[in-house]
Amino acid sequence: MGLEAIPVVVEPADLAAARAVLRELAVLVERLLATGEGGAIDLGVLPLTPAARAWLIDRLGRGEVEIRLTAGGQSTITETGCAGVWWVRHGNEAGVVTSELLEVAYVPGLVPVSRAEVENGLQRLNSGLDGLN
Amino acid sequence: MNELQERLAWRGISRRGFLKYCTMLASLMALPPAAGQAMAEALARARRPAVIWLPFQECTGCLESITRSHTPTIEGLIFDALSLDYSETLMAAAGHQAEQALKRAVEDNAGRFILVIDGSVPTGLNGAYSCIAGRSNLDLLREVAPKAAVVIAMGSCAAFGGIPAARPNPTGAVAISEIVRDKPLVNIPGCPPIPVVMTGVIAHYLTFGSLPELDRLRRPRAFYGETIHDRCYRRPFYDRGLFAKSFDDEGARQGWCLFELGCKGPVTYNACAHVKWNDHTSFPIESGHGCIGCSEPGFWDAGGFYRPLSAPAGPLKLAAGAVAAGAAVGVAVAIANRARKGAARAAHVTATVADLEKADGGER
């Protein structure tokens with residue numbers, strides 16, 4: 001009888017890390033529901049192999065929203081199949097991914113505009129209208 | 001809009017772009033993602049930090065690395081526009097004006113400024129080998145450092161002595177830490193260092209009021225915690241025993257490990273393999289050359305860039321026959337060189353200013 005006959009199933013280490021990410025996401029989503037405060041997991045510092053990453057993408061699924069941000073390079077913010085969990089990839093101007101995170105929020109932090117920006121927008125609108133008067 | 005946002009907007013960098021950069025910075029420093037937001041807020045505070053940059057025995061490569069890494073450079077912006085109060089290389093002032101600017105910057109920010117130094121300190125002849133405005137680097141450092149909040153030794157020369165301190169070290173060059181012993185000091189070695197490491201350290205200090213965790217050589221552990229080899233994309237070839245034997249063999253073309261061609265990646269702690277250079281484009285090993293170990297102490301005297309780590313670093317022991325053959329070749333080369341020099345001397349015609357003017361006039 002060979003060793004393969006011994007009924008021991010060892011979970012690959014890389015999959016264990018991916019499972020841990022799912023568990024942490026669940027905690028963050030619970031917190032979002034309870035307090036309104038979400039959080040994020042930085043995938044750049046996690047030892048995820050391509051197989052573990054593929055497993056994670058598969059488990060999270062794909063949602064309906066995809067946001068493309070052009071600021072210092074392209075970023076994509078993709079809603080996963082688990083509402084409230086966003087897969088965020090930041091790229092630089094050379095198209096290289098510089099950071100990657102899973103963000104838990106109703107709306108990803110980078111998306112809303114600030115009050116100052118809205119005020120600037122209003123000024124611009126008004127100056128455009130002045131030209132029409 | 002605060003001062004930083006105005007400056008960012010002027011350079012075409014949006015609030016989101018800056019926040020994105022800070023998120024990347026936090027990620028590189030293994031800080032929680034929320035730290036990116038905290039860093040962005042700290043850097044955006046109205047009161048800007050004072051940074052005084054003193055260049056000593058150096059080549060300006062460190063400053064070039066930060067200010068000209070790519071365009072637009074947020075690293076350069078944080079330095080140049082946001083923080084820098086005094087830098088002889090970048091400032092417009094010169095001579096007595098520059099000296100006054102240094103004095104004022106030190107007095108106005110005593111106990112609060114970040115002192116950045118690139119270059120080693122020559123101690124031979126009482127520091128006379130490198131002087132600014134008639135004062136030795138040694139004197140200047142002894143005067144300014146005690147008034148700083150923290151000292152950053154930028155580049156391998158400042159951190160470990162670098163090339164000026166390489167054998168035979170004719171100027172008696174030493175690292176900043178040999179002179180400054182009673183201040184919080186962080187070494188950011190590299191020849192040159194990676195720009196984002198510099199901004200990472202400054203952003204950490206501004207956000208948390210302390211220096212990041214350092215290793216035994218006072219390097220930020222977040223960037224110098226692993227070797228180049230640990231994060232090298234050619235590592236699987238090393239593990240499988242597949243090594244390039246020359247820079248143009250089949251192994252080199254297949255991207256095999258460069259260990260046998262002298263790569264110092266296994267003993268070099270730096271972030272090149274994952275942070276990369278030129279806007280995250282690549283790092284030396286990706287360009288086909290082994291790591292030269294520039295962020296380690298004494299890298300210039302480590303036995304040769306192309307000598308494998310496992311080979312002896314001392315002089316090679318040659319067989320007697322090889323020595324005799326080498327001596328014969330040496331004598332032949334010397335005779336040929338002497339003959340060539342003699343012929344050149346004989347053929348040489350000296351020109352006077354009048355000859356040159358004549359030639360110039362003839363062409364018109």
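Predicted model: local features only at pLDDT ≥ 70, side-chain atom pairs only at ≥ 80, totals over all residues.

1. Residues are numbered from 1 along each chain as its sequence is written, chains are lettered from A and ligands numbered from 1 in the order in which they are written, and side-chain values use heavy atoms, with hydrogens and water left out.

2. Chain B contains 15 helices and nine strands, these being DSSP runs numbered from the N terminus (helices H or I, at least four residues; strands E, at least two). Of its 364 residues, 47% count as buried, where buried means under 20% relative accessible area, exposed over 50% and partly exposed in between, with a 1.4 Å probe and protein chains only. Among the contacts in chain B with a separation of 6 or more, 73% join residues 24 or more positions apart, a contact meaning heavy atoms within 4.5 Å.

3. Helix α2 (residues 15–28) and helix α3 (residues 34–43) of chain B have axes that come within 7 Å and cross at roughly 125°; the axes are lines fitted to C-alpha atoms, for helices over the stretch in contact, and angles run from 0 to 180 degrees between N-to-C directions. The two helices, α2(B) and α3(B), are therefore oblique to each other, given that angles under 35 degrees count as roughly parallel, over 145 as roughly antiparallel, 65 to 115 as roughly perpendicular and the rest as oblique. The residues of the contact of α2(B) with α3(B) divide into nine nonpolar, three polar and no charged, with Ala, Val, Leu, Ile, Met, Phe, Trp, Tyr, Cys and Pro counted as nonpolar, Asp, Glu, Lys and Arg as charged, and the others, Gly among them, as polar.

4. The axes of α3(B) and helix α9 (residues 195–208) of chain B come within 9 Å and cross at roughly 85°, and these helices are therefore roughly perpendicular to each other. On the α3(B) side the contact is made by B:Ala35, B:Ala38, B:Met39, B:Ala42 and B:Leu43, and on the α9(B) side by B:Ala203, B:His204, B:Leu206, B:Thr207 and B:Phe208.

5. B:Met29 lies in the loop between α2 and α3 of chain B and is buried, with a relative accessible area of 5%. Leaving aside residues up to four places away in sequence, B:Met29 touches B:Met39, B:Gly200, B:Val201, B:His204, B:Pro212, B:Ala222 and B:Phe223.

6. The structure holds zero disulfides over all chains, a disulfide being a pair of cysteine sulfur atoms within 2.5 Å. B:Cys62 is in no disulfide, and the nearest cysteine sulfur, that of B:Cys59, is 6.3 Å away. The sulfur of B:Cys191 is 5.7 Å from the closest cysteine sulfur, in B:Cys294, too far for a bond.

7. Which backbone values deserve a second look? Most residues other than glycine have a negative phi, and most peptide bonds are trans. The peptide bond from B:Arg167 to B:Pro168 is cis, with omega near 10°, and the bond from B:Cys191 to B:Pro192 is cis, with omega near 0°. Phi is positive in B:Leu125, near 50°, and in B:Ala133, about 55°.
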